[in-house]
Amino acid sequence: MKFGGTSMGDLERIRRAARIVAAEAASGKKVAVVVSAMAGKTNELVAWTDGAGPAAAGLPLSDDEYDVVVASGEQVTAGLLALTLRNMGLNARSWMGWQVPIITDDAHARARIIDIPGEKLGAALDAGEIAIVPGFQGVTPDGKITTLGRGGSDTSAVAVAAALSCPCDIYTDVDGVYTTDPRIESRARRLAKVSYEEMLEMASLGAKVLQTRSVELAMAKQVPVRVLSSFIEPDASGQMPDKGGTLICDEEEILEKRIVSGVTMSRDEARITLLGLSDRVDAPADVFTRLAEANVNVDMIVQSQARTANTVNLTFTTGRRDAVRAAELMTAGQDHLGFEEIRVDEDVAKVSVVGVGMRSHAGVAQTMFKALADKGVKFQAISTSEIKISVLIDAAYAELAVRALHSAYGLDAI
């Protein structure tokens, strides 16, 4: 089980989470729980580290101490949940990341899990203990605390489930995965099942329900993940009602495959265009090598002929946070790359349709482009995979596009 930041937001919500945990334990299940920090607490801790300032010249970066500070939010909620469960008469104990241990690499603030030996945790569960594990944190092989990056508690939960060879229930402030954001389209429908691949695309394209790395891990380790609302309550007898939610599972477990399962939107986009780039064959490789070496992720790429002979216009997109860095890299290499002008536009959005049924059905792109054309929405770039089509559009039309596509694919009738 995993409870997110809104589910741990205050003592009353922690008590509600404890009642859900107690109901699962009462049904005879062995229970391990992964918790996030209270909503907003990590931002506060990050601000404190910013206020402390960087290391002085000549000293190494303080990323390791940053992790010590920001990992403390989950330690607090793990202890509070264990205290609450004990108050209810249950045998519960908190396990810090270094006690489990959750072993990671040493990339502080963005560490990746290497291994979770499940022996200690498994033995505790076998002995009847409810184990509470703080998410988002781990420990390097040489004993330094690390954090996994924003949303890392989802990854922690899936990794713990994989180590224990059990499914993973993720309790959050929504009751499942929807065909699109219900705040944009009121006719959005909750999906009973979504394949790992679909969820991975949705998460990477703007859906906020699960962190991308957690879905990657679940798919790699074949961990069934169910997204549930933490605002349900056990009944008077202490039993959980039908929890509903959305099951993230292997495609083969979904009998009726939809052509399109969801529509997503991301405003965290920036479009960068190099005008009058030299038409030499290695110019694009030079551009994207510079970006890759600086760890700038690129998504959509469009090249078109420029007005000037022997030149092209090259457009690509990055996340907004990478846009300034990308522009600086291009400007610094302008003489070598040989382009005339650079333009950066952050007033764009990416709208995508996702579905495993695209593999076996024609006309998916035609439906998308006709629906956008009927609403007067122009697209600036396109990217595709086997199960998704994404278009870059003016940010002002993003919500209109989402509603139009949701209707065009009949998602309001699921």
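Two strands count as paired if DSSP finds at least two bridges between them. In this predicted model, strand S13 (residues 262-266) and strand S18 (residues 348-354) are joined by 5 bridges and run antiparallel. Helices (H or I, at least four residues) and strands (E, at least two) are DSSP runs, numbered from the N terminus.

The model is predicted, so local features need pLDDT of at least 70 and side-chain atom pairs count only at pLDDT 80 or more, while totals for chains, interfaces and linings use all residues. Residues are numbered from 1 along each chain as its sequence is written, and side-chain values use heavy atoms, with hydrogens and water left out.

**Domains and their interface**

- The domain assignment, automatic or from a database, gives domain 1 (2-255) and domain 2 (257-413).
- The contact (heavy atoms within 4.5 Å) takes 20 residues from domain 1 and 25 residues from domain 2.
- Taken over C-alpha atoms, the centres of domain 1 and domain 2 are 32 Å apart.
- Interface size is often given as the accessible area lost when the parts come together.
- Here the buried area (accessible area, 1.4 Å probe, that two parts lose on being put together, summed over both) is about 2100 Å² between domain 1 and domain 2.
- Carbon and sulfur atoms give 55% of that area.
- On the domain 1 side, Ile184, Glu198 and Leu205 lose the most area to domain 2. Together they make up 32% of what that side buries.

**The recorded binding site**

- An unreviewed UniProt entry lists Thr42 and Glu74 under "binding site". Positions follow the numbering used here, feature names are shortened, and annotations may be inferred rather than shown by experiment.
- The two positions spread over 33 residues of sequence but cluster in space, with a largest C-alpha distance of 8.7 Å.
- Thr42 is found in helix H2 (residues 41-52). Thr42 counts as buried because its relative accessibility is 14%, where buried means under 20% relative accessible area, exposed over 50%, and partly exposed in between (1.4 Å probe, protein chains only).
- Leaving out residues up to four places away in sequence, Thr42 touches Ala37, Glu74 and Arg150.
- Glu74 lies in helix H4 (residues 72-87). With a relative accessible area of 3%, Glu74 is buried.
- With the sequence cut-off of up to four places applied, Glu74 touches residues including Val35, Ser36, Thr42, Pro134 and Ser153.

**Strand S13**

- In S13, 5 of its 5 residues are buried.
- Both faces are covered. Gly262, Thr264 and Ser266 are buried on one side, Val263 and Met265 on the other.
- Ser266 has Lys350 of S18 as its bridge partner.

**The four-stranded sheet**

- An open sheet of 4 strands has the order S15-S16-S14-S17, with antiparallel pairing.
- Strand S15 (301-305) and strand S17 (341-345) are the edge strands, each pairing on one side only.
- Neighbouring strands are turned by 15° against each other on average, direction ignored. Axes are lines fitted to C-alpha atoms, for helices over the stretch in contact, and angles run from 0 to 180 degrees between N-to-C directions.
- S15 pairs with strand S16 (residues 311-318) in the antiparallel sense, over 5 bridges. Ile301 stands opposite Phe316 in S16.
- Helix H9 (residues 283-293) packs on the sheet, touching strand S14 (270-278), S15 and S16. The direction of H9 makes about 25° with that of S16.
- Helix H10 (residues 320-332) lies across S14, S16 and S17. H10 runs at about 15° to S14.
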